[in-house]
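Here's a quick briefing to read with the model open beside you.

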Amino acid sequence: MSVDATRRLLLKQLGSIGVVSALPTNKILSSSAFATAAEGPQAAVVLHRAPLAPNAFYPLPLGSIRPSGWLHAQLQLQADSLSGHLDETWADVGPNSGWLGGTGESWERGPYFLDGLVPLARLLDDQRLKTKAQKYLDWTLNSQAPNGNFGPASNDDWWPRMVMLKALTQHYEATADPRVLPLMQRYFTYQLAELPRRPLRDWGKFRWQDNALTVLWLYDRTGDPSLLDLVRLLHSQGYDWLAHFADFKYRERITAEYIKLSEDGGLKDLALSTHGVNNGQAIKTGPVWSVLTGIASDRRAVLKMLSELDKYHGLPNGIFSCDEHLAGPNPSQGSELCTVVEAMFSLEQSLAILGDPVLGDRLERLAFNALPGAISDDMWSHQYNQQPNQVECSLHHKPWTTDGPESNLFGLEPNFGCCTANFHQGWPKFATSLWMLSPRTSKDEEGLVAAAYAPCETHTILRGIRVHLIEETSYPFHGTIRVSVNPASPLAFPLSLRIPAWATGATIRINGEPQTTPSPGSFARIERNWKAGDRVEIKLPMQPRLSTWFHDSVAVEQGPLVFSFAIGEDWVKLRDRGMTADWQVYPTTQWNYALDTAAEITVTTAEITQRPFSAAHTPVKLHARARKLPDWRAEDGVANPLPQSPVNSTEPMEEITLIPYAAAKLRITAFPKLKS
Ligand SMILES: [Zn+2]
């Protein structure tokens, strides 16, 4: 569709759904619907409509941000590997998918695939991927039954539709496809009438907040008050995550016996409320619900949820253990890849709603460590479970609370195929969350927010003026970020820059002029009359630092990266799997080091590469001192629980090299600490 045709469509829709005659209190399209529509639909930011509580920030619509530098290379790699070819090699999303009208898989896998494929295709402006995604979108948009339900008729579960709705909202933001809003309106009308008779159950009951998110998205575009009734109904039928975390009871490793897994296939409340992916999705519950209630404690519930999960199940890679139920703080336990990408999406949404920089820090910790850590360097295979201390990926007995023996293999669908379908959303949604809009308030004009850092270009509109940002950086490997600000004509607006909590000594210069020293753990807000070519330089000093984990072990971090000792790897093919394969990975070197935390850790850096998360091309290495700890061993391919630190060792002192967590597919991340 041409820009002109898209614009006409958008204007027509806006007219037909009443936005043009919006009330003054309706803060839709602060950037002016007409000015933004003239630039294409990707520039229109839709704010919350009364009576919804305003967000601190609003994500820019898909298409506003384009990756560049290493991030573009990473997304291109994803497009060239499993994400861009999954339907060609995996029947679950292939030609017989229920989401293409076939008789094959008709549950969550098609929607999961689309939830990542749609943004990936748009970020890369890749016609092959757009065409591929369009088949599923067209079938879905033409699938609506007279009663309002949509999707495969053979499966009426609410849950997979919650995922497809997320894909549809992204598709709409990128294209203004006129079929999307009417389908969603009819479906939500159906849901409001049907839910009292056929209430949320199992997965849908525990993931209702994702359904609510898209209902609120549609309300912002139509103002139909019955949609808010639907959000209340979803809340009333959905699991009460806020109460769950207000009095968090699950402080130990969950066992199959405890949740009575054998009795009902794991679908009772006890099993589902301690399920990792459900918890990853639940992180956003308080913020999403607060958009309707306006209650500050609902909004800030996300911080309590994160702190409880960290306290009892936290791991140094930024995610909590869940293999696949909450599994305690031992770094030999695993975390499911779906949990990583769902927690990232929850953090992206929560960061927009709260505007709390700590959520941006956490998002980067996941994006730069746990996400690439579970995916092979070529992105053709992934793990179901990753471990911070991962000394072997094999069919040996593993410590998982409930998962099977293939869970930490790298492959097409190790253990279970959910992550195979779902991991695609990780990088694309991170890329679309780098910059956000800060809305106009009684005190401030609308502005732009650097929510997370990676190389990109952003096109948007502020107060009718086109603004183009060019962000150049090799962050997270190096700490300098340069942003060129280019409004079409001079424009005063606030630019807010996230200063991570670790960035002591951060500086900001504009056109070479030093600015007021920013505080770590805040957004540095720069108000100024911006002119084309203005240059912002942010320096975030990166020094090695230590953090404390299970049994007082230590992890080494620098900037947003966590570092690991890279164990020698021998990749052994287990079986071919169509266009890809399943792999076991065996250690070829010893790994049982205890770290000398009194010794200086030195840094060597190199230029950024196109594969910065691979061991062969890492742009940063740390050098530390350590002694082997002969009593710390592996059993059945699993590192035994770390001894309580500090520890003694009479083995020789050695220099060991640490590389970014994600680059070391066999690794030690939490080290016993030597007694000084
Ligand atoms: Zn999964």
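This is a predicted model: local features need pLDDT of at least 70, side-chain atom pairs count only at pLDDT 80 or more; totals for chains, interfaces and linings use all residues.

Residues are numbered from 1 along each chain as its sequence is written, and side-chain values use heavy atoms, with hydrogens and water left out.

**Cavities and a pocket**

- Voids come from a 1 Å grid over the protein atoms alone: a cavity is a set of points where a 1.4 Å probe fits but cannot get out, while a pocket is an open set with protein on both sides within 12 Å along at least five of seven lines.
- Grid points are joined across faces, edges and corners, and a volume is the space filled by probe spheres set on the points.
- The count is 4 cavities of 30 Å³ or more, and the largest cavity takes up about 640 Å³.
- Lining residues (those with an atom within 4 Å of a point) number 31 for the largest cavity, with Pro 59, Glu 173, Leu 213, Trp 217 and Gln 349 nearest its centre.
- Helices (H or I, at least four residues) and strands (E, at least two) are DSSP runs numbered from the N terminus; β1 (58-59), α7 (158-175), α10, α19 (337-354) and α22 (426-432) each give at least two residues to the lining of the largest cavity.
- Helix α10 supplies the largest share of that lining, with 6 residues.
- By class, the lining of the largest cavity splits into 16 nonpolar, 8 polar and 7 charged residues; here Ala, Val, Leu, Ile, Met, Phe, Trp, Tyr, Cys and Pro count as nonpolar, Asp, Glu, Lys and Arg as charged, and the others, Gly among them, as polar.
- The second largest pocket holds about 360 Å³ of space. Of its 22 lining residues, Trp 203, His 275, Glu 324, Tyr 384 and Phe 416 are the closest to its centre.
- That pocket's lining has 10 nonpolar, 7 polar and 5 charged residues.

- Helix α11 (residues 226-237) has 12 residues and should span 16 Å at 1.5 Å a residue, which agrees with the 17 Å between its end C-alpha atoms; the expected span is 1.5 Å times one less than the number of residues.
- Buried means under 20% relative accessible area, exposed over 50%, and partly exposed in between (1.4 Å probe, protein chains only); in α11, the buried residues are Leu 227, Leu 228, Leu 230, Val 231, Leu 233, Leu 234 and Gln 237.
- The cover over those buried residues includes α8 (180-194), α9 (202-206), α10 (208-222) and α16 (285-293).
- Helix α16 is largely enclosed by the rest of the structure, because 8 of its 9 residues are buried. Just after α16, Gly 294 has a positive phi of about 70°.

- Asp 87 sits in helix α4 (residues 82-89) and counts as buried because its relative accessibility is 11%.
- The side chains of Asp 87 and Lys 132 make a polar contact of 2.8 Å (a pair of N or O atoms within 3.5 Å; within protein, one must be able to donate a hydrogen and the other to accept it, and residues adjacent in sequence count only if both atoms are side-chain atoms).
- Lys 665 is in the loop between β25 (653-660) and β26 (667-668), and is buried at a relative accessible area of 2%.
- A polar atom of the Lys 665 side chain lies 3.2 Å from the backbone oxygen of Ile 375.
- Contacts (heavy atoms within 4.5 Å) of Lys 665, not counting residues up to four places away in sequence, include Asp 377, Glu 569 and Trp 571.

- The peptide bond between Ala 50 and Pro 51 is cis, with omega about 10°; Pro 51 is in the loop between α2 (33-38) and β1.
- Ser 645 to Pro 646 is a cis peptide bond as well, with omega near 5°.
- Arg 463 has a positive phi near 50° despite not being glycine, and is partly exposed at 36% relative accessibility.
- Asn 511 also has a positive phi, near 50°, and lies in the loop between β11 (507-510) and β12.
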